[in-house]
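Colleague: I'd like to learn how to read the inside of a model. Could you walk me through it?

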Amino acid sequence: MANYLLRRILLGVVTLTVITFIVYGLARSMPGNPLTVQLGESDPSRKLNAEDQQRMLEIYGLDKPWPVGYMQWIGKVVRGDLGRSITRKQPVTELIGERIGPTVIISGTALLLTWLLAIPLGLYASARGGCVDERVTGLVLYALYSFPTFVAALFLQIIFAVWLRDTPWELPLFGMSDLPSDAPLLLRIKDVAWHAVLPVVCQTYVVLAYNSRFIKSNLEEVIRQDYIRTARAKGAGPYRVLIIHAFRNTLIPLVTLLGLSLPALVGGSVIIEQIFTWPGMGRLFFESIRERDYPTIMGLTFMFSLLTLLGQLLADILYGFVDPRVRME
Amino acid sequence: MEGDNQEQISPSQGFWAESWKHYRRNPVGIIALSFVVFLTTVAIFAPAIAGTKPVVCYYKNQLYMPCLGYFNRSLESPIFTKDKFRGTYPKNLQEKDPNSWAVWPIIFQDPYRRVRENEWPGRPANPSRDQGHPNLYNLFGTDQYGVDIFAKMVHGTTIALLVGFVSMGIAGSVGIFIGAIGGYFGGWVDSLTSRLTEVVLCIPTLVLILAIIAVVEKPTIWKTMAIIGATGWTGIARLTRAEFLRLKQTEFVMAARASGAGPIRIMFAHILPNALAPVLVPITFGIASAILVEGALSFLGFGPPPPTASWGSVLNSARSNLQLWWLVVFPGLGIFLTVLSYNLVGEAIQDATDPRLREAKK
């Protein structure tokens with residue numbers, strides 16, 4: 001086990017280095033740099049002259065070729081320093097700390113909702129497999145799975161923020177909160193929750209449709225096994241068979257799926273956060289690419305890739321726990 | 001089922017004929033496939049369905065097809081530029097050659113510009129700003145600049161399908177190649193390709209694409225397709241690798257090797273045809289997801305530059321004009337139905353080609 005872990009971690013470090021190297025190279029090859037993009041867009045007269053620009057680039061260490069810049073960046077990361085954002089004049093870790101809360105509000109709620117709904121839906125679908133009502137729900141779920149989030153978000157915005165304006169059903173169009181930060185805590189929580197409804201719905205439905213189908217197809221696989229026939233033969237009722245005998249054995253792939261959803265929990269969704277102007281990680285990523293804010297791009301990439309790799313590792317280890325037949329080698 | 005006994009007696013059909021027989025029995029799959037065929041027809045004949053350039057016209061004793069100009073500027077005969085048509089055909093044709101005649105597209109509307117008053121005799125100009133509700137002349141309404149949405153949708157079909165096919169063509173070739181050499185050769189080649197796949201898989205797709213688009217100066221729809229293809233091959237590579245790992249152990253591969261076939265020949269002439277059916281499924285799903293990604297990119301404003309009529313760019317223009325619901329509903333449904341039908345086709349192919357699933361359904 002220790003041997004296995006060590007090898008996985010070493011491989012992970014290599015993968016992580018390659019990923020960050022590629023993304024750093026890409027980021028630095030984008031036309032423009034944080035100074036020109038930011039100042040030139042807001043006010044042409046404030047464009048830096050060549051000398052000042054050169055001086056600033058030297059301060060940020062951007063005057064050297066990018067492989068050198070990458071070595072400096074990774075040298076700092078090894079010492080636990082993700083650097084400072086150039087456009088926001090703030091340490092990247094602090095920036096991530098600010099944005100991670102809002103993202104988890106959305107993605108955490110969405111994750112919880114998907115699992116709470118997907119398991120009963122999957123069980124229901126395989127219990128009623130082949131019946132008309134199951135086929136209809138199946139098709140609806142499949143349709144939902146193919147429904148693009150950005151279209152759904154626009155539909156929901158039109159319905160709840162335009163058509164239902166000035167009714168009790170009106171929901172806020174974007175942003176996280178309209179209240180000043182000194183408002184009473186309960187009111188603020190209510191306000192944020194109100195703003196979070198539409199983004200949470202958008203983030204939930206696709207994953208829900210996918211997961212419930214996943215659970216159903218796994219259950220169908222299990223139900224064909226001999227021990228299910230045995231359980232039926234000894235007189236266990238249909239629900240007992242499904243929940244006690246069959247479902248437990250579908251937990252293995254579910255655990256993998258749970259592990260793989262770890263990065264999305266923290267990384268957030270670029271599209272949803274962009275549409276609802278939600279101040280989370282996905283939006284930060286989008287903005288930092290636009291601003292050419294290399295330290296932030298790299299900090300986020302690093303964190304996201306690390307979580308993806310950790311999620312895979314976690315899934316594999318949990319796999320061994322729930323299925324004693326799996327040996328770590 | 002009754003037919004099963006006969007199936008076993010009759011001489012065995014080829015794999016694809018057999019699969020098609022099973023596919024045909026799946027009503028949802030057939031509906032989805034019909035829709036894909038319908039979309040393809042719309043995509044190919046887009047300029048004949050909606051446009052302001054004649055499909056065929058007879059002008060100064062010669063036949064022309066100006067509508068091809070929608071596919072590529074250079075296909076529109078230079079004579080119309082020389083005679084100063086400036087894109088408006090109906091009046092100019094009459095004025096400059098009274099003997100001319102023309103076959104017009106079914107809907108006289110343009111995906112790239114506003115149709116002006118009396119451009120087609122007796123027809124009003126397209127409404128603009130928030131006045132463009134769907135009406136008799138503009139079936140799906142117009143956007144804030146007065147450009148017809150129906151025409152945009154029709155011409156957007158061409159782009160959506162092209163995106164699907166071209167990017168999955170690239171992703172499929174790259175994925176199959178990387179998966180094949182990894183699975184067949186094993187050893188260090190396999191570790192290298194597996195690592196490469198993992199690296200691409202770990203970088204968030206949208207971020208990777210956004211970064212590459214920023215690097216590529218002057219984005220065009222073709223570059224977008226290439227980028228989507230270059231980032232979307234991981235799933236295909238993994239599946240191909242698994243199939244090759246399984247198949248290289250079989251007798252027919254050993255027989256091929258014994259008869260002196262080289263590795264390239266074994267990989268692509270012997271193993272690949274047998275691995276194609278499972279690989280076809282993620283490719284079909286990939287077409288759906290490529291269309292989705294292009295929609296998302298255009299929606300975020302990172303798509304091809306404005307004169308391109310893609311569904312996502314119509315949605316993008318709806319973002320700042322939410323009260324114009326028709327800017328959301330029609331392209332939204334377009335993307336949704338296209339993605340849904342490709343997914344359903346993929347699902348049906350999976351059901352029809354996987355003997356294990358086929359047994360289970362009986």
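Colleague: Which helix of chain B does T240(B) lie in?

Modeller: Quick housekeeping: this is a predicted model, where local features need pLDDT of at least 70, side-chain atom pairs count only at pLDDT 80 or more, and totals for chains, interfaces and linings use all residues. Residues are numbered from 1 along each chain as written, chains are lettered from A in the order written, and side-chain values use heavy atoms, without hydrogens and water. Helices are DSSP runs (H or I, at least four residues), numbered from the N terminus. T240(B) lies in helix α11, residues 234-247.

Colleague: Is T240(B) buried or exposed?

Modeller: Buried means under 20% relative accessible area, exposed over 50%, partly exposed in between (1.4 Å probe, protein chains only). T240(B) comes out at 0%, so it's buried. Contact means heavy atoms within 4.5 Å; beyond four places in sequence, T240(B) contacts G175(B), I176(B), G179(B), A180(B) and V279(B).

Colleague: And where is S167(B)?

Modeller: In helix α7 of chain B, residues 149-185. S167(B) is buried too, at 0%.

Colleague: Which residues touch the most other members of the largest nonpolar core?

Modeller: A nonpolar core is a set of buried Ala, Val, Leu, Ile, Met, Phe, Trp, Tyr and Cys residues joined through side-chain atoms within 4.5 Å. Here the largest has 133 residues, and F150(A), F244(B), L297(B) and L315(B) touch the most other members. Helix α13 of chain B (residues 263-300) gives the most to this core, with 17 residues. A second, separate core of 16 residues includes W115(A) and L208(A).

Key. Helix = DSSP H or I, 4+ residues; strand = E, 2+ residues; numbered from the N terminus.
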